[in-house]
Amino acid sequence: MLAKTASVALVGADAFIIDVEVGLGSGLPGCSIVGLPSAPVREAEQRIRAALTSVGSGWPGRRVIANLAPGALRKEGTHYDLALAMGVLSANEEVPAASLEGWVIIGELALDGSVRSVPGALPASLATKHARLRGVICPRINAAEAAMVEGVEVVPVTNLQECADFLKGGWKPRPIEVPPTPRRTPIEDLREVRGHPDAKFALEVAAAGGHNLLMFGPPGSGKTMLARRLPGILPSMTLDEALEVTRIRSVSGMLTDGCDLIEQRPFRAPHHHVSLAGLIGGGSGLPRPGEVSLAHHGVLFLDEVGLFSRHILDSLRAPLEDGVVVIARSMGAVRFPCRFSLIAAMNPCPCGFLGDPQRACRCSPMQLSSYAAKLTGPLLDRIDMQISVGRVGKSQLLGAPEGESSEQVRARVEMCRAIQMHRYGSAVMTNASVPRSSLEMHMHLSATANVFLGSAIDLLRLSGRGLDRLMRVARTVADLDGSDVVSDDHLGRAIGFRTSVTEEVLV
Amino acid sequence: MNTVVSRTLEPGHPEWPGALDEIAGAPKRLFAVGRPLDTSRPMIAIVGTRRPTIAGVEIAQSLARGLAQGGFTIVSGLAVGIDAVAHQAALDAGGATVAVLGCGLDVLYPRPNLKLRDRIVEGGCLLTEYEEGVQPTKFTFPQRNRIVAGLAVGVIVVEGSYRSGALITARRALENNRNIYAVPGSLRNPMSQGPNMLIARGEAQLVTSFKDICDDLAPSMVWSRSDEAPQVEQDELAVLDLLDDSPSTSDALLRAGTMEAGQLALTLARLEVRGWAVRTAAGYALSTSGARIRAAISRQPSVAPHRNKIDPLP
């Protein structure tokens, strides 16, 4: 007797439907799983045997052969357990073969027959929809996640028996409960930041034009506090964006205790000792998304960027440019999306007191130059803006009135994004990412701005790239002002935000 | 550079700087590489910290440039920071410069200044009392400083903390009856502690421009005035008044002034483009020309400021 059912394989942030075939043949009672299983998949046999025994259905007294197709794709993870167990029951004629039709089954088995949660329920559900199958049978904990996809039936089960009963007919699952308190970090509002009017405006410009930002400032000046508030002023995520973010969380196993759709833009702040695999993605076995992908549609914050090692910073070039990470393995390449806003923060020097009016800098010239040299090349080319954040005095901390809320700023940012969308005819294009030619077409400099720009190019010794970045920021400042023409006011602001790390290294 | 074609200078040698004979513990001989030492020209030393502020760098540049054009040979110690800036500015101005080393002529130290060292060998002169192969140590530098002080008629301290080597040079100069000049700085600039202390104790003369030194050492020089008079806008002047040698962030400037944020940003950009302000990682600081413009205007609000240029007497 041959039984057929389906499960999924996770490849990057995507899931592929895997056909699970189970047959009984002659030979000693035993089990072989074929189709390039990794160790966790091979060990499924022991879990399934114990689980079947504990619910009272015995292990067939014949040889069991399980095949996971396509056979050339490596199978990782423990979520095949439930599909294999159903296959065994069906091959043993305990579950009607026809009832398995159209279901994608995922779940890890415990020895007592209960079903444990697995990563990747959302991608599995998406793959089910894509393959026009009927629905997903998954652990109850993952059900809310799988149910985010419309048009896919989701059957939550807590143990093997429920699953078998459902397929035999006669058992109906309880409705899926959405976790009562969805895990949401409280939104950090821009209103809480006292002082820093210029830095706040820089954040607004960065959010509006999709610009990456570099912040200089001594320890304790509020760089991290400011950076944490960027996700809150970025435009709200569309449903598709939210699904993508949730999907990446799902495959990285961060949602195994149940979660609703993630509607808040992610904020990731990897430590400077992060490994290459941790930042970009990879790792042994199943490649996992790195910090850049976890920051997809959100903000990647590199605090103390001068302390990151050079090869780590250089590795950011491709993700920043392409918005996607490709991890090549012998078994094929895995892709993770990674479109994020970058904020890098840095002390003015290793000890942090360069230029401080009250304390002397203790760094040697050698330290100073190697500190700044980290920021050359690939990374700097993708950073449009640079600001200096100073310490805020006591009177500012205590007495200053509350500023605008994130919501008010976000409204302006969304308006500005709408202008860009209309102009470039694409929702993903921003002033920071449009090709140069198309930016030049829409750069209308006023007469005075033109003269000012001329002298700025000469006297500030702007390079071609520097000029390009300056123009992009000036365009965003003008857009925020609702002006089609870029005036000298807008240009002045952009000059104040320009990146000039390389200019001052010699001092 | 392993083999060095050096000359040995001893008392009696045409290049031997006679001024050295006046100091206590004068070296018996010196090794030199580069152009011949012109002993007829007055030498002046410019020394300071290895970690100057931007203001310090600019002041050292303008002093060295002015004095080199005025016919002084600029002496310093080839250290990074003020020393290097002074050598460089002298060479850039077409003047003469002498670098006194704290090691043998074949020892390439300090590394960051190797290019500058090559330039000095070409357009100036390297001097040392140490044989080839002698490595720099913390004892050789103070020894080197006594030669710097001995060669010069005066020593200018641009920036330096209390413990700076520049102060050792100043002390040696004082002991050997040389003139000491110090550039004053803000009380909040830790690098101005040294010069401020020298002035406070009456050991050094306060210097605001290379003209002060020329007036002191060479009163017979004359000054010409160029008649270009830059126009300064009211806004620009208001922001210039807020700026200082130590950088301030634009947020701090916004708090200090009465200007609206957009206008301040534009004015700062204009000042930067005119070269009157510089932007650093820690914010905006006043540049030398900015300071000059500001001083000129606050003295005579109705008269346009003049830029001074030095013309040595024929």
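Mentor: Helix axes are lines fitted to C-alpha atoms, for helices over the stretch in contact. The model before us is predicted.

Trainee: How is a pair of packed helices described, and at what angle do helix H3 and helix H6 of chain A cross?

Mentor: Two packed helices are described by the angle between their axes and by the distance between those axes. In this structure, the axes of helix H3 (residues 81-91) and helix H6 (residues 160-168) of chain A cross at roughly 55° and come within 11 Å. H3(A) is therefore oblique to H6(A). The crossing of H3(A) past H6(A) is right-handed.

Trainee: Which residues of H3(A) and H6(A) make the contact?

Mentor: H3(A) contributes Leu82(A), Ala85(A), Met86(A) and Leu89(A), while H6(A) contributes Leu160(A), Cys163(A), Ala164(A) and Leu167(A). By class, this contact has 8 nonpolar residues, no polar and no charged.

Trainee: At what angle do helix H4 and helix H10 of chain A pack?

Mentor: Helix H4 (residues 121-130) and helix H10 (residues 239-251) of chain A pack at about 120°, and their axes are 7 Å apart. H4(A) is therefore oblique to H10(A). Ala121(A), Leu122(A) and Pro123(A) of H4(A) meet Thr246(A), Arg247(A), Ser250(A) and Val251(A) of H10(A). These residues divide into 4 nonpolar, 2 polar and 1 charged.

Trainee: How many residues of chain A are in contact with chain B?

Mentor: In chain A, 31 residues are in contact with 31 residues of chain B. Helices H7 (197-209), H20 (447-459) and H22 (488-496) of chain A each give two or more residues to this side. The largest share, 6 residues, comes from H22(A). The side of chain A that touches chain B comprises 16 nonpolar, 10 polar and 5 charged residues.

Note on methods
Residues numbered from 1 in each chain as written. Chains lettered and ligands numbered in written order. Predicted model: local features only at pLDDT ≥ 70, side-chain atom pairs only at ≥ 80, totals over all residues. Axes fitted to C-alpha atoms, helices over the stretch in contact; angles between N-to-C directions. Helix = DSSP H or I, 4+ residues; strand = E, 2+ residues; numbered from the N terminus. Parallel < 35°, antiparallel > 145°, perpendicular 65-115°, else oblique. Contact = placed C-beta atoms within 7 Å. Nonpolar A, V, L, I, M, F, W, Y, C, P; charged D, E, K, R; others polar. Left-handed = near helix turned anticlockwise from the far one by under 90°.
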